[in-house]
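Here are my notes on the model you passed along. Have it open while you read, and go through the points in order.

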Amino acid sequence: MHTPFCKTKCPYCDFYSVTETARIKKWVGAVLTEATRYRDAFPRFDSLYIGGGTPSVMNHDEIEGLLEGLSDAFHFDDTTELTMEINPDDVTKEKLAFYRSLGVNRISLGVQSFNEQEVRFLGRRHSARQAQDAVSLVAQGGFAEFGLDLMYGLPRQSTRAWLQTLRKALSFGPAHLSCYQLTIEGDTPFSRLSREGNLPLPDEARQAALFLETSNYLTGAGFIHYEISNFARSEETLSRHNVKYWQHTPYLGLGPAAHSFAGTKRWWNVRSLDAYLKNLDEDTVPVGGSEELSAVQMHLERMLFGFRTRWGLEASDIFSEASRATLEDLCDSGLIELHDKRIFPTVKGYLFADRLPLMISA
Amino acid sequence: MKHIRNFSIIAHIDHGKSTLADRLIQYTKLVDDRQFRDQILDNMDIERERGITIKSQTVDLPYVDEKGREYELNLIDTPGHVDFSYEVSRALASCEGVLLLVDASQGVEAQTLGNLYAALEHNLVIIPVINKIDLPVADVERVKTEIDNELGLDPDTAILCSAKEGRGIEDILRAVVERIPPPSGDPEKPLTALIFDAHYDSFRGTIVSCRVFDGTVRPGDTIRLMSQGTTYRVEEVGIFRLAREPQKELTAGMVGYIIAGIKTVSDTRIGDTITVDARPAPQPLGGFKDVKPVVFSSIYPIASDDYQSLLDALEKYKLNDASLVYQKDSSAALGQGFRCGYLGLLHLEIVQERLEREFDQSIIMTAPSVQYRFYLDDGKVLDVDNPLYYPDPGTIKSSEEPYIRANILIPERYVGAVMKLCMERRGVNSQMSYPTPGRVEVAFDMPLAEVIFDFYDKLKSITQGYGSFDYEITDYRESNLVKLDILVNGEKVDALSILVHRDNARERAVRVCDRLKDEIPKQQFKIAIQGAIGGKIIARSTISAYRKDVTAKCYGGDITRKRKLLEKQKKGKKRMRIVGNVEIPQSAFLAALKTDDE
């Protein structure tokens, strides 16, 4: 579920959202209309992810209405992973208790950093202090499974400062950590700053070193580095939701700009709340585009995902002689490992995940 | 015959030759105004874009003078570039007179002089025409002085015209009729017809353009091309209007075409004499020579599996351009390709552009080279135009390279800069003259290799467009030559090797190393680029290794975008060549050849 509302927009983020929270009610209605259309095609789910945007800007009635409506349209059971994304400054005891009562069993907190200067630089609504308090509340509030989103590779950020944030994060005992290197996205205030030369990102060598440092630190603490930016405390706490993206598992995305996938087809909704509401109001589909993947494209995506995740890809997926020779070279240089008829990226290989599919033709 | 005039227009590039030809055609109502397309004789896109004539075309203009007498004026169009000077000379040999066109704002230029000499050699009547008199910067009096002093022609005979506005066209046509003599010749004598051009037509084969001097040729005749002794049966003869117009015969004095089942233009030689096999002329017309290429470069397909398609394209291209020669070539770096010989650098560029545009080929061209001569210890003499065949330096007794005599005409204020340029390019034996006040003619002996790159561009830029340049190849002179190799991670990229004068080797090596550094993308390992003579490294640059190539996020909306980027990169990879373990994009090969500093 893509909740396209935020109280304020963060300068690095290019996800679609608007700040007019007064329109949430209309949006909930539209999403539920959209949901009923997929009732037959997607009857059962083992994961529901309420993301955004900032889903925690919804008030109780709105959230309750949304989840009830979705339960009417689709089948969820007790084992369903039900994740809510929350902004630290929205966290209260009551809110958490209310989420629990609605069946939410996993929380994802957009902390980004526990360093005051960094949180401010990232334009977050919360302070470092608020972030700590929020995580404490979540940890004490009975959510055994909560995850934190963190960001690193910030301008002038020292390795020490980043490791401090990580250490702090671990002190709360999270089940999951997403650690994203700051990326300058298309049309954002940060991209303008960057173009003007006012956003000194660390150079490539330093980014690589930070990445390896992060992996090293977290795996040392017992975490599984299962995707470029994702770490889980144990096999049981991997994000079921995230993993679906990388295994060509069918998923349905609702709300403006949400993406869906089934079989060999991918489609995405219009990236505009107005257009989305209008489409559903007029009983037309809010789909903005779609693609049917050819066998070659599916294969390319399998490589794309395979080199990003600990599951790698099947060795039989690589068939040309030249590519097999390349694989041996990559093995020698420590970027991949071959065993059990599968190809696995190493941590060092993760650093080249975008390039590896290019080096292997098929 | 009294009513025939055969003439040509000669001019420096940009002085308005094609525009004037257009006006003459329009005036004689050969084509109606509505159908008229600018520069109608230049019917290749590239000709119209560059404002030059590559393939000359001929047109027969019907003209009626004020007394009602009908004339046939054969305008034989000529290519306007020094690369094609032999074609120009054969076109001139087919005329009795020329219009010598001079731009009223630019005045006489080096090529105007060159053209004048060529016309004088053929004893042609020369009608000076001052064009572009409509321009605000036109200076007719100055140009008249130059015509007097630099060309030695009577400035009072010059006709003023503006081809653009159509002024003076009637005067020109009248002058052609009155001043240029009608052709002479005897229709009863054995046939002698001069081939001055040939075109390929996919339906009819080769269309031979010729000027008949003596005799008559008719369909059904068996003709003989005298230099080769080959014979063909004539299917059709005719004259050129804008389309071909068949005639019963072509006879002494006429200009027209012959179709005789000649398969390709390469089966004919420009400058050759056509006669009738049954009653041959005792000897051919003079002036025939087999033109030899002077600039050489290899062409490789960007994707090695496109070799066959490139071969097909070259074969088709060659149908219409006999002056291009090619043979198979192969490079360790680029695979199979072709070594090509061109009449000059412009010719090379034309071939490259036409292969890409008209034949849809993606190609890599290696650095142009001249033909060097090596005298070996064992007494053998080796002509080498391809660095691949550079002999073992231990066996070379001496080496030579071709020299030109360059003539440069410039306003006086640029003398210093031009002298400096020529000396940097190893110019020697300079000579200066002052044909008119304020203008200087500079002559130099220079190695051809020094002008085939960017000499003309440099000259234009340091003289702000006022410098003009003409040259002829003179002789071979001793030269200290070395082979410069480029190595990528220790592997020689043979396609980037060049033969250079020892004094230029280091500078060239540094430049190529720097260029490649900018063009070769980072890879997982450090890449060393080196320039070397023999085993000695004389220049180097380094590309640091890739440290990271991964994006942080890959969720719903990112996947399609990422896959599309990958698809694009995969396509780009097909256009890369792998040397050792380094991927070198096409752009790197192109950049390495550029000599400019931009």
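1. Chain A first: its secondary structure comes to 14 helices and 14 strands, where helices (H or I, at least four residues) and strands (E, at least two) are DSSP runs, numbered from the N terminus. Bear in mind that this is a predicted model, in which local features need pLDDT of at least 70, side-chain atom pairs count only at pLDDT 80 or more, and totals for chains, interfaces and linings use all residues. Residues are numbered from 1 along each chain as its sequence is written, while chains are lettered from A and ligands numbered from 1 in the order in which they are written.

2. How much of chain A is buried? Of its 362 residues, 40%. A residue is buried if 20 or more other C-beta atoms lie within 10 Å of its own, exposed if 12 or fewer, and partly exposed in between, with C-beta atoms placed from the backbone.

3. On to the cores, each a set of buried Ala, Val, Leu, Ile, Met, Phe, Trp, Tyr and Cys residues joined through C-beta atoms within 7 Å. The largest nonpolar core has 159 residues, and Val98(B), Leu100(B), Val217(B) and Ile258(B) have the most contacts inside it. A second, separate core has 88 residues, including Leu273(A) and Tyr350(A).

4. Now look at the sheet in chain B. Strand β1 (residues 4-11) runs parallel to β3 (residues 70-76), with 5 bridges joining the two; strands pair if DSSP finds at least two bridges between them. On the other hand, β2 (residues 58-64) is antiparallel to β3(B), with 7 bridges. Asn74(B) in β3(B) stands opposite Asn6(B) and is also the bridge partner of Asp60(B). Between β2(B) and β3(B) is a hairpin turn of 5 residues, where Gly68(B) has a positive phi of about 85 degrees.

5. Helix α12 (residues 502-519) of chain B is worth a look. Its 18 residues reach 26 Å from first C-alpha to last, close to the 26 Å expected, the expected span being 1.5 Å times one less than the number of residues. Its buried residues are Ala505(B), Arg508(B), Ala509(B), Val512(B), Cys513(B), Arg515(B) and Leu516(B). The cover over them includes β30 (527-533) and α14 (586-593) of chain B.

6. Last, the interface: 21 residues of chain B are in contact with 32 residues of chain A, contact meaning C-beta atoms, placed from the backbone, within 7 Å.

Technical notes
Contact = placed C-beta atoms within 7 Å.
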